[in-house]
Amino acid sequence: MHAPIERIEVSAYRIPTDGPEADGTIAWDATTLVLVTAHAGATTGLGYTYAHEAAGLVAHKTLAPLLIGRDALDIPAAWEAMIRSVRNLGRPGVASMAIAAVDAALWDLKARTLGVPVVGLLGAARERIALYGSGGFTSYSLEHLARQLGGWIDQGLTMVKMKVGSDPAADLERVRAARRAIGQQASLFVDANGAYARKEALAFAAAFEACQVSWFEEPVSSDDLEGLRLLRDRAPAGMAIAAGEYGFDPPYFRRMLEAGAVDVLQADATRCCGITGFLKAAALAEAHMIPLSAHTAPSLHAHVCCAVPGVRHLEYFHDHARIEHMLFEGVLSPVDGALEPDRKRPGFGLSFKRADAERYAI
């Protein structure tokens, strides 16, 4: 079978948040979705990233012309061509996110061409992937924090994550409030987004232990591999140290793993050059005997998470889950705390609601 790529289209949309949001290091009031559609004959594949609109420009100007006429089934060749093309642009960051959106569209296109879901194309390791609810922004009041985290528990999730670090003096009380809201049985994760200094993070790890915090994400900057290793060595035994969401290429993940910096590696297919890049991160994690967790974009990650044996769970991030339900048909909803790909729908099983999205177009 030969399916030449005939056209690639790129668009971007800026969607306001449903309220002020902040983490330990930044605040924001909107999220930008960059959408890519790849066409081969009568079949269309869809991919996306959450990035600056500049990623859309790279996808349109640099990546799309490379792919016209290529066989849509030959994803490795297309991926390598895209990687080469951004050498002088700087691969980490915007360029990698542009590649991520195009690569996802190619996986969707290939699966749709063959009439199978992406998880079927990859080969399933499991039927469903466990979720943790993620939000708990530092801009939230204690009441809002408790309502959001408690709501996920009421929906059947057994793990939730909150942000810390904007106001360290308030963090312990916020974590205590979160624990009260979710009860004693649910797992509580915290994410500092690199806001703490090393000794400060160590002190908070000890304090959070009383609240049964089992996951401490980016307690220090993810660039501080020595600091992450310090936290990993000295944090309470039941508290996993996690990082990796800012990984854009395999060398980044290799350095983090070789430094022994994390108990759980995170990877984000909307940043690390797509489904192809996520699979490479998964192979590195497996080689180092470290579990993997998928970062945000639940509708994009569900299929690949069910295909990779070493994935522990998937982040059900408030912003992205909200946007995906607003702007896509076929979005998966949590059932008993997990997402299960619909094997009756080819590709990722998604279709874009262009009419609904038009008012957000950039």
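Contact here means heavy atoms within 4.5 Å. The model is a predicted one, so to speak of local features takes a pLDDT of at least 70, side-chain atom pairs count only at pLDDT 80 or more, and totals for chains, interfaces and linings use all residues. Residue numbers run from 1 along each chain as its sequence is written, and side-chain values use heavy atoms, with hydrogens and water left out.

Thr49 is a handy place to start. Leaving out residues up to four places away in sequence, Thr49 touches Thr32, Leu33, Val34, Met97, Ala101 and Thr270. The residue sits in strand β3 (residues 43–50); strands (E, at least two residues) and helices (H or I, at least four) are DSSP runs, numbered from the N terminus. Thr49 is buried, at a relative accessible area of 0%, where buried means under 20%, exposed over 50% and partly exposed in between (1.4 Å probe, protein chains only). Its side chain reaches the backbone oxygen of Thr270 at 2.6 Å.

Strand β3 belongs to an open sheet of three strands, ordered β1-β2-β3 with antiparallel pairing. Strands β1 (7–22) and β3 stand at the edges with a single partner strand each, so one side of each has no neighbour in the sheet. On average, neighbouring strands are turned by 20 degrees against each other, direction ignored. Pairing requires at least two bridges found by DSSP between two strands; β2 and β3 pair in the antiparallel sense over eight bridges, and Thr37 stands opposite Leu46 in β3. Helix α1 (residues 54–67) packs on the sheet, touching β1 and β2, with its direction at about 160 degrees to that of β1. Helix α12 packs on the sheet too, touching β1, β2 and β3, and its direction makes about 125 degrees with that of β1. For these angles, axes are lines fitted to C-alpha atoms, for helices over the stretch in contact, and angles run from 0 to 180 degrees between N-to-C directions.

Over in strand β2 (residues 27–40) lies Thr31, which counts as buried at 10% relative accessibility. The side chains of Thr31 and Asp319 are joined by a polar contact of 3.4 Å, that is, a pair of N or O atoms within 3.5 Å; within protein, one must be able to donate a hydrogen and the other to accept it, and residues adjacent in sequence count only if both atoms are side-chain atoms. Beyond its neighbours within four places in sequence, Thr31 has contacts that include Tyr13, Tyr50, His320 and Ile323.
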